[in-house]
Amino acid sequence: MIAVLIIVIFLLVTGIFFFFAAAIGFLRLPDFYSRMHATGKGDTFGLLLFLLGLGIYNVLENPTWYLGVVQTVKILSIAVFWFLASPTATHALLRSAFESGAMPWTKDGKPIIERGEGGKKT
Amino acid sequence: MEQFFIGASVALCIIIFLTLYRAVFGPTVFDRIVGAGFVGTKTAVLLVLIGFIYKRVDMFVDLALVYSILCFIGTLIVAKYFIRRKG
């Protein structure tokens with residue numbers, strides 16, 4: 001009982017750490033693409049850890065069929081849905097930003113990709 | 001354990017307010033969209049935590065599921081809408 005609670009607390013604290021790292025990266029990194037790099041990973045993994053810990057705690061707290069197992073399957077289905085949805089949203093946003101002309105940040109300010117008319121890659 | 005859940009909720013709210021800076025003052029439109037999606041992820045987790053605090057998990061889990069689906073659809077549609085505009 002106590003060991004499982006310690007595992008749950010560890011998972012939740014690690015999830016808060018990943019969320020916090022994603023937020024710091026989202027605030028401090030220089031351009032849009034690197035910000036997406038920070039949020040797209042830290043967000044997904046933090047959410048998986050958080051919902052895994054909450055699902056384990058729910059089975060431990062309510063050892064019945066409906067309130068325990070079914071709700072845990074629902075909580076884990078949220079995690080599975082975000083694992084499918086978050087990379088899809090990240091990919092769509094990155095392609096939309098690239099086609100509308102946002103340039104990746106470089107250290108010396110020179111563009112690394114030559115562009116033709118209409119934002120297409122040449 | 002309930003105090004720990006309340007503390008985790010407060011930490012998530014602090015992270016949401018940190019992210020809101022980029023969502024409000026972001027240099028491009030896409031930063032604002034990503035900020036809104038980030039807040040949406042935190043809100044889905046926060047709804048499940050509120051369900052554990054109020055001991056009504058069976059209701060709040062459905063709310064979190066519907067909210068995450070709406071947030072995903074909204075992000076996709078806004079990304080498609082801004083694809084031909086200057087950020």
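Read along the sequence, chain B follows the pattern α-α-α, and its secondary structure comes to 3 helices and 0 strands. Helices (H or I, at least four residues) and strands (E, at least two) are DSSP runs numbered from the N terminus. This is a predicted model, in which local features need pLDDT of at least 70 and side-chain atom pairs count only at pLDDT 80 or more, while totals for chains, interfaces and linings use all residues. Residues are numbered from 1 along each chain as its sequence is written, and chains are lettered from A in the order in which they are written.

The radius of gyration of chain B, taken over C-alpha atoms, is 15 Å, well over the 12 Å of the globule rule for 87 residues, so the chain is more spread out than a compact globule. That rule is 2.2 Å times the number of residues to the power 0.38. The C-alpha trace of chain B spans about 50 × 25 × 10 Å along its principal axes. Buried residues make up 36% of the 87 residues in chain B; a residue is buried if 20 or more other C-beta atoms, placed from the backbone, lie within 10 Å of its own.

Helix H1(B) has 24 residues and reaches 35 Å from its first C-alpha to its last, close to the expected 34 Å, a span of 1.5 Å times one less than its number of residues. At B:Thr19, H1(B) bends by about 25 degrees, the angle between axes fitted to the seven residues ending there and the seven starting there. B:Thr19 is also one of the buried residues of H1(B), together with B:Ala8, B:Leu12, B:Ile15 and B:Arg22. Their cover includes H1 of chain A and H2 of chain B.

The contact between the chains takes 36 residues from chain A and 38 residues from chain B, where two residues are in contact if their C-beta atoms, placed from the backbone, lie within 7 Å. H3(A) gives the most to the side of chain A that touches chain B, with 14 residues. The classes on that side are as follows.

| Class | Residues of chain A |
|---|---|
| Nonpolar (Ala, Val, Leu, Ile, Met, Phe, Trp, Tyr, Cys, Pro) | 26 residues |
| Polar (the others, Gly among them) | 6 residues |

The largest nonpolar core has 48 residues, and A:Leu51, A:Leu93 and B:Val48 have the most contacts inside it. Such a core is a set of buried Ala, Val, Leu, Ile, Met, Phe, Trp, Tyr and Cys residues joined through C-beta atoms within 7 Å. Leaving aside neighbours within four places in sequence, A:Leu93 is in contact with A:Met36, B:Phe30, B:Ile33, B:Val34, B:Thr75 and B:Ala79.

Methods: A residue is buried if 20 or more other C-beta atoms lie within 10 Å of its own, exposed if 12 or fewer, and partly exposed in between; C-beta atoms are placed from the backbone.
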